[in-house]
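Subject: Structure for your review

Dear colleague,

Please find below the structure that I am handing over to you. My findings follow it, and I would ask you to read them with the structure open.

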Amino acid sequence: METLIVILVGILVSVGTYLILSRRLLRIVLGSSIIGHAVNLLLITSGGLKTGAPPLLHEKKAGFTDAIPQALILTAIVINFAVTALVLVLCYRAYQNYGTDDMERLRGNEDE
Amino acid sequence: MFLPLISALAVPFLYKYLNRQVHTGWFVLLVPLTIFIYLLQYIPHVAAGETYKYTLSWIPSFDINITSYVDGLGLLFGLLISGVGTLVIIYSIFYMSKIREALHNFYVYLLMFMGAMLGLVFSDHLLVLYGFWELTSVSSFLLISYWYERQSSRQGALKSLLITVLGGFGMLAGFIMLIIIGDTYSIRELIANADMIQGHVLFIPAMLCILLGAFTKSAQFPFGIWLPDAMEAPTPVSSYLHSATMVKAGIYLVARMTPIFGGSAVWFWLVAGIGIITLLYGSLTALKQTDLKALLAYSTISQLGMIMSLLGVGSLAVYFGPGESGTVFTVATFAALFHLFNHSTFKGSLFMVVGIIDHETGRRDIRYLGGLMQVMPITFTIALIGAFSMAGLPPFNGFLSKEMFFGAVTEVSHAGIFGLGNIGMAFPIIAWVASIFTFVYCMIFVFKTFGGRFRPEKLTREVHEAPYGMLISPLVLGLLVILIFFFPNVLGKYILAPALTAVLPMMSVSAYDLKISAWHGLNMELLMTIGVVAVGIFLFKTAKRWIKAVRNYPQQLTLNHLYNQTLRGTEKLSASLTNRYMTGSLRHYLIYIFTFFAILLMGSLLLLYGIRFDFSNNASVSVFDAGLVIGMIIAALTVLLTSHRIVAIVALGALGYMVSMFFVIFRAPDLALTQMVVETVTTVLFLLCFYHLPKLAKDIERIPFKLTNLIISAAVGLTVTVLALSANGHKLFESISSFFENAYELAGAKNIVNAILVDFRGFDTMLEISVLTIAGLGVYILIHQRHKALRREQDETE
């Protein structure tokens, strides 16, 4: 199972990277979102998969799955969400201001 | 030592409140005068062989202390600095206008320089010495660019700073190596352990680095090019820094380091060889100058080369040690110190003379000058004394040092060590030829300026003799030139002999006591001087015929051209390099980042044999799991390949929901919940935004564009996969998560994940909340600003 997930993560990262390297602003946002998912999956995989009960104490089982990666992912999901929302609004504003979403044309000021 | 630096602080106030009545220079004058008189008191004690040491604690925990050490060599330089400093300030009082010039700047820089220079020569601590060394570079930079509104001043200052600081850094590296070798910061202790140092691996590198510093500072070949350009400085500065003091800092360093490095073949060849090349180069280039200050600058380079080569020859004495042949080379070091002193006197006066000419006629080009003899008799006399002394004629002090120089180089030719053999013969020959050139340019200096026809129509001002105040300093220096010729032993015994002891501590004093007085008698050296005069007069008389040939020397082959090309070349190279990789395209930067990511991680995994796959702990795979994985891959590919934005969003949403399905399978209820909610909100956001954005039109890209993206993304994906698999294969320690199973006992919570989030690791959550808040504020401001801008536009159109 871990191997399978890791391969899936690899594929997702590849797809995300390809999207980030493209010219359209939106594709870049989509790509970073996919990479975010991939990283979350990788995190949970590193704690071991399907090894025990959910980390709820009233389950009264011998072993629980690793709770630390879950806590970390929970934090990561929320931060990822915040960043995605901000970036989306930024894209929106950039498109409104400059009239393009082509990264090759959004090259910043010449006199920088 | 710190008196000039402290008094420099007071100068601006004096200038501001008293400059209307009194020239600021009169106050400044007190400083070097005090130091000079103070240093004079040391002469009898130091001549008797005593030394003084003062320590001022600075950074005791690193063993860095300002240690000043007074011995013969330091005292010689100290007297020169303060003595010539006094005279230069007297001169500058009459040279610099009280009304037109920013005198406070001038005297602050000058005092700063003086303090740095005194600190340099009296320092015993290597790092403190380096500090003062750089302070001289900086203050010299400030003084050269004193008239900062002129472009040539700025360029000259920049050039001198670049070159001297390059050498300074080299010297710092050398010092650090020396500190590592000797395990002490003190020059005194290093000298005491000189034998031990010589065998060390870093001995030669340290020597080369320190010599780089000395050669750049003292304008040796090929680093001499900054000195002529530094002539853009006011003449008192040229006179003080660029003839008498700063350029001697390198000489001082070489002399100071001789007990440590002397006696090795590399040192001898570099110091003596470069010195003699500089001597020839400087005297040859001086011939073609038409600007008086440039001529003097090249003559300074040439004379410094002479002193340097004498020090190189003198270092042979360290090799031979006490004994007859050692004593012979000791004379060379003595000659170096003697000429060092003489050069300060006559070159200082010559620069002042040029300043007077410039001041009184408005010109310093010899093509416009001539016949000043009748108009400015006193200036002429001083120029004659200085120039004849520089040319090495009796009855001036230059004669004595030149005789000793010839004596030293002829001794080299039959020293018979360091593979000298026949090459040794080159030394006296080069020295002799260079002396002829020196003689010729000295004659040009005097007779093209003061001889010939007087042509007042070519001069911009009405010519008359300089004010007496301006003449005081050159007169004093000129008198010294003559006095030293007639009474060299007074100077020799009291000042030079202790300096010699400092340079060559292993030689006994009595051995060369006699040599100093022996300056009479018909010998080889005298014949050589007669030859110099004969050939020199012949060349000077026929100068009209060959001087064109020298002046037409192609510009492309000069060192200045090389320097300019190098500077321009490096600027162009770095600009084109930066333009090539800083394209401004985000994609290019991402490509660099991803490529380095993949290469570094893969490379280190392969090199460190980190790849290890271990599938033993894997959980089983059900059909449901496999189906989900396939579904996710399909969703991801759909996002990649679709050209409809709605499809892309929906596919992304599907991907997110499938991730939350995995969280369900992997026993993570909280995660599944959050993921589900967040994914929904994100999808809504995407939809909201995409409504306003253009269609997700597929770009028709060129194949190479797609191919690079494909290769890079595949490489990144592969790297992540391999890395994750290897990480799984290297489980080193047990997890600490069993501790958190005590959540109920410790935190009173049954949900372990929630207990971790709010109790065990609550800080993360707090900051995560701030992230969310900041993002929310950011979104609000971004949209609000837009609305405000829109409203303003509307107002304006209405």
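In chain A, residues 24 or more positions apart account for 51% of the contacts with a separation of 6 or more. Please bear in mind throughout that this is a predicted model. Chain A contains three helices and zero strands, and its elements run α-α-α from the N terminus on. Of the 112 residues in chain A, 63% are buried. The chain exposes about 4,300 Å², and carbon and sulfur atoms supply 58% of that area.

An unreviewed UniProt entry annotates residues 6-21, 28-47 and 67-95 of chain A as "transmembrane region". Two of these stretches may be compared with the model. Residues 28-47 of chain A are 95% helix and 0% strand, with end C-alpha atoms 29 Å apart. Residues 67-95 of chain A are 100% helix and 0% strand, and here the end C-alpha atoms are 42 Å apart.

I turn now to chain B. According to an unreviewed UniProt entry, residues 59-106 of chain B carry the feature "domain: NADH-Ubiquinone oxidoreductase (complex I) chain 5 N-terminal". Over those residues the chain is 58% helix and 17% strand, and the end C-alpha atoms lie 32 Å apart.

Strand 1 (residues 52-59) and strand 2 of chain B pair in the antiparallel sense over seven bridges. Within this pairing, K53(B) stands opposite Y69(B) of strand 2. The two strands form a hairpin with four residues between them, and D63(B) in the turn has a positive phi of about 65°.

Helix 27 gives the most, with four residues, while L577(B) is found in helix 26.

Most residues other than glycine have a negative phi, and most peptide bonds are trans. D183(B), which is not a glycine, has a positive phi of about 60°. D183(B) lies in the loop between helix 7 (151-182) and helix 8 (187-192) of chain B, and it is exposed, with a relative accessible area of 69%. R667(B) also has a positive phi, near 60°. R667(B) is found in the loop between helix 29 (645-665) and helix 30 (669-692) of chain B and is partly exposed, at a relative accessible area of 33%. A cis peptide bond joins F221(B) and P222(B), with omega about -5°. P222(B) lies in the loop between helix 10 (203-217) and helix 11 (226-229) of chain B.

Finally, I come to charged side chains. Side chains of opposite charge can pair when their charged atoms come close. How many salt bridges are there over all chains? The count comes to seven. One of them joins D124(B) and R188(B), at 2.7 Å from N to O. D124(B) lies in the loop between helix 5 (103-122) and helix 6 (126-144) of chain B and R188(B) in helix 8, so the pair ties together parts that are 64 residues apart in sequence. D124(B) is buried at 1% relative accessibility, and R188(B) is buried at 19%.

R364(B) forms a salt bridge with D291(B), the closest N and O atoms being 3.1 Å apart. This pair links parts of the chain that are 73 residues apart. R364(B) also meets D358(B) in a salt bridge of 3.8 Å, N to O. Salt bridges that share partners join D71(B), D124(B), R188(B) and R256(B) into one network.

Yours sincerely

Methods. Residues are numbered from 1 along each chain as its sequence is written. Chains are lettered from A and ligands numbered from 1 in the order in which they are written. This is a predicted model: local features need pLDDT of at least 70, side-chain atom pairs count only at pLDDT 80 or more; totals for chains, interfaces and linings use all residues. Side-chain values use heavy atoms; hydrogens and water are left out. UniProt positions are given in the numbering used here, feature names are shortened, and annotations may be inferred rather than shown by experiment. Buried means under 20% relative accessible area, exposed over 50%, partly exposed in between (1.4 Å probe, protein chains only). Two strands pair if DSSP finds at least two bridges between them. Contact means heavy atoms within 4.5 Å. Accessible areas come from the Shrake-Rupley method with a 1.4 Å probe; for residues, only the protein chains shown count as cover. A salt bridge is a side-chain nitrogen of Lys or Arg within 4 Å of a carboxyl oxygen of Asp or Glu.
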